[in-house]
Amino acid sequence: MRYLIAETDWTLMSLAARILGTGTLLTRTDRIEDIPHFLGLGGADLLILGAGQIGPHGLSLPILRRAAAGMPIVLIARGASAAQVALWLEAGADTVIATDRPLEEAVVMLEAVARRAHGLPQPQIDYGALRLDLNRRQAYVLNCPMKLSPKLYELLEYIALRPGRLVTRAALLSHIYGLEEEPDPRVFDVYICNLRACLAAVADCLDIETVRGAGFRLAVRPQDAVIAA
């Protein structure tokens, strides 16, 4: 997964460092005014903001909510009252995490919010013969671990979180590479070829289809199209 975070104070910077330690992809900015631009690029699964950046002289939660569509919005707040938290939630935030929470606990809460937006109550994707452990960032086929590079794992996870949906090359570039120097989009043809080879043993159950001129789609047989913990 990839999070978008506005590092506007030390608390947010410390949280970003802890998130990176889990292997989660992160788009970072210290310019709050850049958040709408990053949202327009897509590719993120979660938006993290300091609650102090919300208000008349900052960002608008209702506007962010419309721009972020189904993306969860998490606010990090210091000393907020129950009434203020309720107002933020009513305005579009998905959850509010107090700054006095231990970083380890905050990271686990963020992971839970992000995956539940994809309909996952537990950190696991299960399509019968294919299983992804989101915490360990490990994929298994027929209970055997797949040897995947970090980018190949991210590609498989991104597609597996969106079964049956078209995933464009542009979306993959934004998600996997973020603001890094982007490769030729055709690199994903090579990645997909490698993934198909890894999934060859279960090709009768699932496949990564190429939609010519558009992108890719994970096709799962109906009897295996179940995500469970």
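Begin by selecting R137, which is partly exposed at a relative accessible area of 21%, a value that is not under 20% and therefore does not count as buried. The coordinates come from a predicted model. R137 sits in the loop that joins strand 7 (130-133) to strand 8 (138-141). Its phi is positive, at about 55 degrees, although R137 is not a glycine. For context, most residues other than glycine have a negative phi.

Next, move to L142, in the loop between strand 8 and strand 9 (144-145). This residue, too, is not a glycine and has a positive phi, near 55 degrees. Is L142 buried or exposed? Its relative accessibility is 51%, so L142 counts as exposed.

Now display the five strands that form an open sheet in the order 2-1-3-4-5, with parallel pairing. At the edges lie strand 2 and strand 5 (95-98), each of which pairs on one side only. On average, neighbouring strands of this sheet are turned by 20 degrees against each other, direction ignored.

Select strand 1 (residues 2-6) and colour it by accessibility. Five of its five residues are buried, so strand 1 is largely enclosed by the rest of the structure. In a regular strand the side chains alternate between the two faces of the sheet. Here R2, L4 and A6 point one way, whereas Y3 and I5 point the other way.

Strand 2 (residues 25-29) pairs with strand 1 in the parallel sense over five bridges. Which residue of strand 2 is the bridge partner of L4? That partner is T27. For Y3, the bridge partner in strand 2 is L26. Strand 3 (residues 46-50) also pairs with strand 1 in the parallel sense, over three bridges. In strand 3, Y3 has L46 as its bridge partner.

Select helix 7 (residues 169-177). Seven of its nine residues are buried, so helix 7 is largely enclosed by the rest of the structure. The buried residues are R169, L172, L173, S174, H175, I176 and Y177. Just after helix 7, G178 takes a positive phi of about 55 degrees.

Return to the edge of the sheet for orientation: strand 2 is one of its edge strands. Helix 7 packs on the sheet, where it touches strand 1 and strand 2, and its direction makes about 65 degrees with that of strand 1.

Continue to helix 6 (residues 150-160). Nine of its eleven residues are buried, so helix 6 is largely enclosed by the rest of the structure. Among these buried residues are Y153, E154, E157, Y158 and A160.

Finally, show helix 8 (residues 187-198) together with helix 6. The two helices pack at an angle of about 80 degrees, with their axes 10 Å apart. Helix 6 is therefore roughly perpendicular to helix 8. On the helix 6 side, the contact is made by K151, L152, L155, L156 and I159, and on the helix 8 side by F188, Y191, I192, N194 and L195. These contact residues divide into eight nonpolar, one polar and one charged.

Technical notes: Residues numbered from 1 in each chain as written. Predicted model: local features only at pLDDT ≥ 70, side-chain atom pairs only at ≥ 80, totals over all residues. Heavy atoms only, no water. Buried < 20%, exposed > 50% of the residue type's maximum accessible area, 1.4 Å probe, protein only. Helix = DSSP H or I, 4+ residues; strand = E, 2+ residues; numbered from the N terminus. Pairing = 2+ DSSP bridges. Axes fitted to C-alpha atoms, helices over the stretch in contact; angles between N-to-C directions. Contact = heavy atoms within 4.5 Å. Parallel < 35°, antiparallel > 145°, perpendicular 65-115°, else oblique. Nonpolar A, V, L, I, M, F, W, Y, C, P; charged D, E, K, R; others polar.
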